[in-house]
Amino acid sequence: MNKRIKPIDPQNITLEELMKQSLEIHELVSLAFPVGTKNESIYARMLKLMEELGELANEVLAKLGLQRQSKLDKFTDRQLEDEYGDVLLTVLMLGIELN
């Protein structure tokens with residue numbers, strides 16, 4: 001699996017481009033981590049979404065200063081942005097699974 005996904009400019013992407021890239025990522029993830037049935041794949045995407053939401057929640061708490069000091073010391077706005085992106089991508093991939 002050597003396919004590279006071209007980085008996007010989040011300031012200038014269209015919804016059509018975002019969906020196209022989400023489909024490409026979905027295909028790569030599905031090949032790298034095959035899951036049995038369609039239902040199992042949907043469950044896996046839901047679990048991944050819950051995981052990503054938890055990571056986003058941790059970053060939001062850190063942004064608000066409501067985490068332990070060790071997490072606050074590591075916090076950056078970039079991490080918060082990345083977690084928002086992970087949640088968005090995971091939601092789109094779940095949508096793709098559900099057609």
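These are my notebook entries on a predicted model of one protein chain.

**Ground rules**

I number residues from 1 along each chain as its sequence is written. Since I'm on a predicted model, local features need pLDDT of at least 70, side-chain atom pairs count only at pLDDT 80 or more, totals for chains, interfaces and linings use all residues, and side-chain values use heavy atoms with hydrogens and water left out.

**Overall fold**

I looked up the secondary structure and got four helices and zero strands, in the order α-α-α-α from the N terminus. Helices here are DSSP runs of H or I with at least four residues, strands are E runs of at least two, and numbering starts at the N terminus. The C-alpha atoms fill a box of roughly 40 × 30 × 25 Å along the principal axes.

I checked burial next: 25% of the 99 residues are buried. Buried is under 20% relative accessible area, exposed is over 50%, and partly exposed is in between (1.4 Å probe, protein chains only).

For contacts (heavy atoms within 4.5 Å), I took pairs at least 6 apart in sequence, and 63% of those join residues at least 24 apart.

**Surface and charge**

The accessible surface is about 7,400 Å², with 59% of that belonging to carbon and sulfur atoms. Areas come from Shrake-Rupley with a 1.4 Å probe; for residues, only the protein chains shown count as cover.

I found 12 positive and 17 negative side chains, with the centres of the two sets 3 Å apart. Lys and Arg are the positives, Asp and Glu the negatives, and His and the chain ends are not counted. Each charge is placed at NZ of Lys, CZ of Arg, CG of Asp or CD of Glu.

I also noted a nonpolar surface patch of Val-60, Leu-61, Leu-64, Leu-66 and Tyr-84, about 470 Å² of accessible area together. Patch members have over 30% relative accessible area and no salt bridge; nonpolar side chains (Val, Leu, Ile, Met, Phe, Trp, Tyr) are joined within 5 Å, like charges within 9 Å. Tyr-84 sits in helix H4 (residues 77-97) and is partly exposed at 48%.

**Salt bridges**

My search of the whole structure gave seven salt bridges, each a side-chain nitrogen of Lys or Arg within 4 Å of a carboxyl oxygen of Asp or Glu.

- Lys-38 pairs with Glu-97, closest N and O atoms 3.4 Å apart. Lys-38 is in helix H2 and Glu-97 in helix H4, so this one ties together parts 59 residues apart in sequence. Glu-97 is buried at 5%, while Lys-38 is partly exposed at 43%.
- Glu-52 pairs with Lys-48 at 3.3 Å. Both lie in helix H2, four residues apart, about one turn. Glu-52 is buried at 6%; Lys-48 is partly exposed at 35%.
- Arg-78 pairs with Asp-82 at 2.9 Å, again about one helical turn, four residues apart in helix H4. Arg-78 is exposed at 55% and Asp-82 partly exposed at 34%.

I then followed shared partners: salt bridges join Lys-38, Arg-45 and Glu-97 into one network.

**Two single residues**

Ser-30 is in helix H1 (residues 15-32) and partly exposed at 28%. Beyond its neighbours within four places in sequence, Ser-30 contacts Arg-45 and Glu-97.
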